[in-house]
Amino acid sequence: EEFELAKEVIKLRIASNMTQSQLAKLAGTSQPAIARLESGSYKNLSLSFLRKIGKVLGVYPEIHFQKIAV
């Protein structure tokens, strides 16, 4: 799931014609934080962080539970 989120963020950022640094500045975070998010290796990812990123990109995070197939 982390990598799907990473791919989405990269796609949205590129579609918005932004660099990682530009996105970071507008979201009030650092470029390394954006790089970690886009690498899929971000630990302790918060909903508030995703909301900041989403706001800049014109989207919002949607989180839900899905039943595990057995």
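Just after helix α3, G40 adopts a positive phi of about 80°, where helices (H or I, at least four residues) and strands (E, at least two) are taken as DSSP runs numbered from the N terminus. The structure described here is a predicted model, in which local features need pLDDT of at least 70 and side-chain atom pairs count only at pLDDT 80 or more, whereas totals for chains, interfaces and linings use all residues. Residues are numbered from 1 along each chain as its sequence is written, and side-chain values use heavy atoms, with hydrogens and water left out.

The protein chain contains four helices and zero strands, and from the N terminus on its elements follow the order α-α-α-α. Taken along the principal axes, the C-alpha atoms of the protein chain fill a box of roughly 45 × 20 × 20 Å. With contact defined as heavy atoms within 4.5 Å, residues 24 or more positions apart account for 52% of the contacts in the protein chain that have a separation of 6 or more.

Of the 70 residues of the protein chain, 26% count as buried, a term that means under 20% relative accessible area, with exposed meaning over 50% and partly exposed lying in between (1.4 Å probe, protein chains only). In helix α3, which spans residues 31-39, the residues A33, I34, L37 and E38 are buried. These residues lie on the same side of α3, because they cover an arc of only 135° around the axis, the arc being that of the directions from the helix axis to the C-beta atoms. In general, an α-helix has 3.6 residues a turn, so residues three or four places apart point the same way.

One aromatic pair is counted under the rule that rings of Phe, Tyr and Trp (its six-membered ring) pair if their centres lie within 6.5 Å, with planes under 30 degrees apart taken as stacked, over 60 as edge-to-face and the rest as tilted. The pair is formed by Y42 and F49, whose ring centres are 5.1 Å apart and whose planes stand at 20°, so that it is classed as stacked. F49 is buried, with a relative accessible area of 9%.

K52 is found in helix α4, which covers residues 47-57, and K52 is partly exposed because its relative accessible area is 45%. Although K52 and T29 are 23 residues apart in sequence, their C-alpha atoms are 8.9 Å apart in space.
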